[in-house]
Every structure is written in structure tokens, then in C-alpha cells.
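I set out to record, entry by entry, what I looked up in this structure. The notes follow the order in which I consulted it.

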Amino acid sequence: MTNSAEMHPDRIPGYDGGPFTHRPELLDESLFWLGHLHNCAQSEDAEELLLSADGEQAADLQRQLLEGDDWPVFTVPLVGGHRLYVVYRAFEEDEGIDYLLHHPDWDHAEHLAQDEGHFMGPALSWAELTAAADNGLPGGSTTDPHARLLLLLPAFGDDAVPDGAVDRLAAALRARSQIEAPDRLAAALLEDQGLCGPVHWTTAERGYWINNGGLSFRNPANRFAWPAARLARVSAALAP
């Protein structure tokens, strides 16, 4: 794994919490991925395939990360100097995983999604997810496309995944975890697509991408959605 503290934030503008810690070594642990992907597995079959005999140990690790004094943060750099942050929010009785987008010129980060009991999202289409995973830009927590794909997967939702998506996700699961049936699990995860399920992506009149998810900040029909200018800048930052 290639990692650097260069993009590890001491603070994220507009986002309270911390102190933040840089824990790229977790991305090499199979148990980490079982806990991180837990909410992606909504069917009984998917959950059984994901957790198998290591479910209790994975839950223990996840609990440690979300109940500790420090907040682990993982960084995925994007083109144009943008950065995706995956933050393990360790607030007592309000723990969860937040997905944030920021650029040094912005006065605050955009809160794309949150993976917890009060889920918000999705934030990423399949094309945006794979573009972030595959860009190879240095300076973040890892340049490994498999790790990046799995790290961002809980923020993904798309009802039009392309042919080959199952193979792509299965390759990531095979590379980063010790799951016994990665192909079956990949198919189940892409069918379930987490707490929100698949959403439909379209292009707004002004050319930026939006979806129809009832819990997504990128659905302009939601009362909590961002205004058009913010929707446009997020879409531009995440563009494949």
C-alpha cells in the first residue's frame, strides 16, 4: 500500500470533530473491510457471505474504531485538487461513517453521505465511484484501486451499473479480504446497494448529475438538497 500524510487533515473546514488520525494500515486488514461494508449487505444471503465466521471479530474492530478517542480518516485525492474524506465519526451515541468532499479553495466541505442508522445518500454513481478508485493520484491513504473502491462503496448507489461491475467488485473483494465467495458476494452487494438501494441518475438542465434518491443531497427534489451551484460543483469535482 502507498500512503502519505500529505493530505491527512488536522481539520476539515465546516466539519466538527476529531482529533483525526491517519490509519492507512487498516486497509490491509480483512476484518476492517467486513465491518466497513456491513451496511452494504442488506439481504440475509449477502450478510452471511460477508461475515461468515469472522463476524464477531469484525464487529469488535468496528466498535473500537467508532468508540475510540480518535477519529480515523482516509483520504482519496481527485483530479483538480479535490479530496474525498472518509471519516469514522466517533461521537458517543452518534457514531457513524461520513463521506466528505473538499477543495482547498472551498470554505467548507460538502457532506456527501453518512453510513449509520440515519443513513444519508447515496453520493456516487458507479462511474464516479470507479473514477475515484482508478485515478492513481498519490498523496492519499492508498493508491490501490481495490481498496479505494471498497472504501467508497457504502456511498454508492446506481440502478444502471454496467456489464462487468460484478467482476470488478469481486476482484476488489478477492484482493483486499479473505471472503470465500467474492463473486457471489459482489453480485449480492450490487443488488442490495446498502440502506438506500439503487437510485437513478440523470443530467439536470444545467448539465450536472443528480439522482432520485429520497435520502440523497444530490436529489434537488429533497428539501435538504444543496442549491444548484453546489450540486454543480460537486458534480464537476466527481466527474469521471
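Entry 1. I began with N211, which is found in strand β7, residues 209-211. The model is a predicted one. Is N211 buried or exposed? I noted a relative accessibility of 3% for N211, and because buried means under 20%, N211 counts as buried. I then looked up its side chain, which reaches the backbone nitrogen of G213 at 2.8 Å. Setting aside neighbours within four places in sequence, I listed the contacts of N211 as P122, V199, H200, W201, S216, R218, N219 and P220.

Entry 2. I turned to strand β2, residues 71-77. Seven of the seven residues of β2 are buried, so I recorded the strand as largely enclosed by the rest of the structure.

Entry 3. I next looked up the partners of β2. Strand β1, residues 20-22, pairs with β2 in the parallel sense over three bridges. The bridge partner of H22 in β2 is V73. With β3, strand β2 pairs in the antiparallel sense over five bridges. I noted two facing pairs here: V76 stands opposite L84 of β3, and P77 stands opposite R83 of β3. The two strands form a hairpin with five residues between them, and G80 in the turn has a positive phi of about 75°.

Entry 4. I went on to strand β3, residues 83-89. Six of its seven residues are buried, so β3 is also recorded as largely enclosed by the rest of the structure. Seven bridges join β3 to strand β4, residues 96-102, and the two run antiparallel. V86 stands opposite Y99 in β4. I found that β3 and β4 form a hairpin with six residues between them, and that E93 in the turn has a positive phi of about 65°.

Entry 5. How do the axes of α4 and α5 cross? The axes of helix α4, residues 126-134, and helix α5, residues 145-152, come within 8 Å and cross at roughly 140°. The two helices are therefore oblique to each other. I recorded the crossing of α4 past α5 as right-handed. The contact is made by L129, T130, A132, A133 and D134 of α4, together with P145, R148, L149 and L152 of α5.

Conventions. Residues numbered from 1 in each chain as written. Predicted model: local features only at pLDDT ≥ 70, side-chain atom pairs only at ≥ 80, totals over all residues. Heavy atoms only, no water. Helix = DSSP H or I, 4+ residues; strand = E, 2+ residues; numbered from the N terminus. Buried < 20%, exposed > 50% of the residue type's maximum accessible area, 1.4 Å probe, protein only. Polar contact = N/O pair within 3.5 Å; in protein donor to acceptor, adjacent residues only side chain to side chain. Contact = heavy atoms within 4.5 Å. Pairing = 2+ DSSP bridges. Axes fitted to C-alpha atoms, helices over the stretch in contact; angles between N-to-C directions. Parallel < 35°, antiparallel > 145°, perpendicular 65-115°, else oblique. Left-handed = near helix turned anticlockwise from the far one by under 90°.
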